[in-house]
Amino acid sequence: MVTTARLPTLFLPFLIWTALALLPAPATANALKSLVMPGELVSGHAKYEQQCQKCHDQPAQTVSNALCLACHKEQAEDVETGKGFHGHLKNMEDRKCKGCHSEHKGRRFDIMGLDKETFDHRNTDFLLKGEHLKVECSRCHLDKKKYREASHQCAVCHKDDEPHEGRLGDKCTDCHSEAGWREPKFDHAKTRFPLTASHKDVACGNCHADRRFKETARNCYACHEINDIHAGHMGQQCDKCHETTKWTRPKFDHRRDTRFPLTGKHDKASCESCHKADPFEDKQAMACVSCHEKDDEHKGRRGNRCEACHTPQSWAKTTFDHAATRFPLRNSHSTVACGSCHKGAMYEDKLSLNCVSCHKKNDPHKNEEGDACEKCHSDRGWRVGVAFSHDLTRFPLTGLHAITPCAECHLTASFRDAETQCVSCHRKDDPHGEALGRNCERCHTPNGWRLWNFDHGKETGFPLEGKHEKRVCTGCHKGPASADGRFALSSDCFSCHEKDEPHRGAYGRECGRCHTPQGFNQLKQRLR
């Protein structure tokens, strides 16, 4: 049963609906929304107060992030790219915009809810460090400007403090840090001109006049022209020889940095004595004659390779070793003057290595023995230790020939014309009077005339047996031998015993059928 006290409350909806029923349809809808709306929107959203669908999904009437970001495009981009305040928030996918930005709180409500005292600048693209931590927010975030519109460029805030007047560009952080303007972090080593040794102590203004940095010359001469003791003679590439430690202590090492190490007397020569112009522009010739042509006593005949014989220690001291050539100088050759053999240009005229090329006029053989003099002679002397081996000729010396003096056969120095036949030397010793030919060696040996080894059986096919063995050679060989030492004798008995044959040829010429060399009376068989 409803009490009288609750009647106004129970009848309130009824009264409202009854009143709304009397209004036109559009007015009824707007009036209904106004009645159920929890409060006024903030001033920025006031124009959307009658357009609930702008922020609320229909028909659930929930507030989604998508609808918020559809209007707030800058924040949507921040979320998408991970920049700005909203881009730095963690778990943005699970966050609700309305969790931080409440609505329906009235026109004057601060929907941003920013607390400057507790705001963490690490959630932005500009981390506050050093001196920036002490700066008031309003110094960077100007009135009537969005917080996101604050510039990150140093020059925007520090234009009045910038001493370079913009000449160095707007990348102040390359040199300075938030710790303070007067504590630069610029590292000169990262430039194309690192500061080393003495340069470290030089004031910036000494090189960067009028605070000009970009177009500062890097070559030494730009600053040190007044210190150049060479007066420009050595060019302007000072760093090739000197270093930043000290001008009087050059770093240039002629041995290490060039192909011409300075040794001996060269080490004491002044640079200008060889380098008449800028040494780094004009390439200096390295041939000795380029400086010492007037000192060349050979007048160019020995070529330009002076270093092959001489050293920087002294012209008079030579180091050339002829042993390194194909003709080492030994014994008598070691004392011969170079000019005796090298008549012309040493490296252009190729000298023959044959002895006769120098000793032709001293050749007693008149070149009949060829030009290989070294086969018999040595460089100790023409007549010293002659090492000719007769075994290499057509007439090797054996037996008594080995101890026979050369002059007994070689009557002149023309050795080639010496005869090789025995009779050429032993004609007077030939007891046969050349009746047995000139090929004495067929019977005799160089060990002696009486030591002969002729085998009549093997050499002629007619062995000497019986009474034939006691016969002297001339008993059969009446006439002289032919040129080849052979005799035109028949081997049958009749040719020698015709006068002793009692049968007067009745039994033919083959006496050996019946008789033997032991004697005519020794018959092989009796006739029947």
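Is C306 buried or exposed? In this predicted model, C306 is buried, since its relative accessible area is 12%, and that value falls under the 20% that marks a buried residue. The cysteine sulfur closest to that of C306 belongs to C288, and the two atoms lie 4.2 Å apart, which is too far for a bond.

C406 is exposed, with a relative accessible area of 58%, whereas C306 is buried. For the sulfur of C406, the closest cysteine sulfur is found in C409, at 8.4 Å, and this separation is again too far for a bond. A disulfide would require two cysteine sulfur atoms within 2.5 Å, and by this rule the model has a count of 0 disulfides.

Although K276 and M234 are 42 residues apart along the chain, their C-alpha atoms are separated by 8.9 Å.

The protein chain has an average pLDDT of 81, and 91% of its residues score at least 70. Residues 1-17, however, keep a pLDDT under 50 throughout, and the model gives this stretch 3 contacts beyond four places in sequence. Where pLDDT is low, the predicted coordinates should not be read in detail.

Note on methods
Residues numbered from 1 in each chain as written. Predicted model: local features only at pLDDT ≥ 70, side-chain atom pairs only at ≥ 80, totals over all residues. Heavy atoms only, no water. Buried < 20%, exposed > 50% of the residue type's maximum accessible area, 1.4 Å probe, protein only. pLDDT = per-residue confidence, 0-100. Contact = heavy atoms within 4.5 Å.
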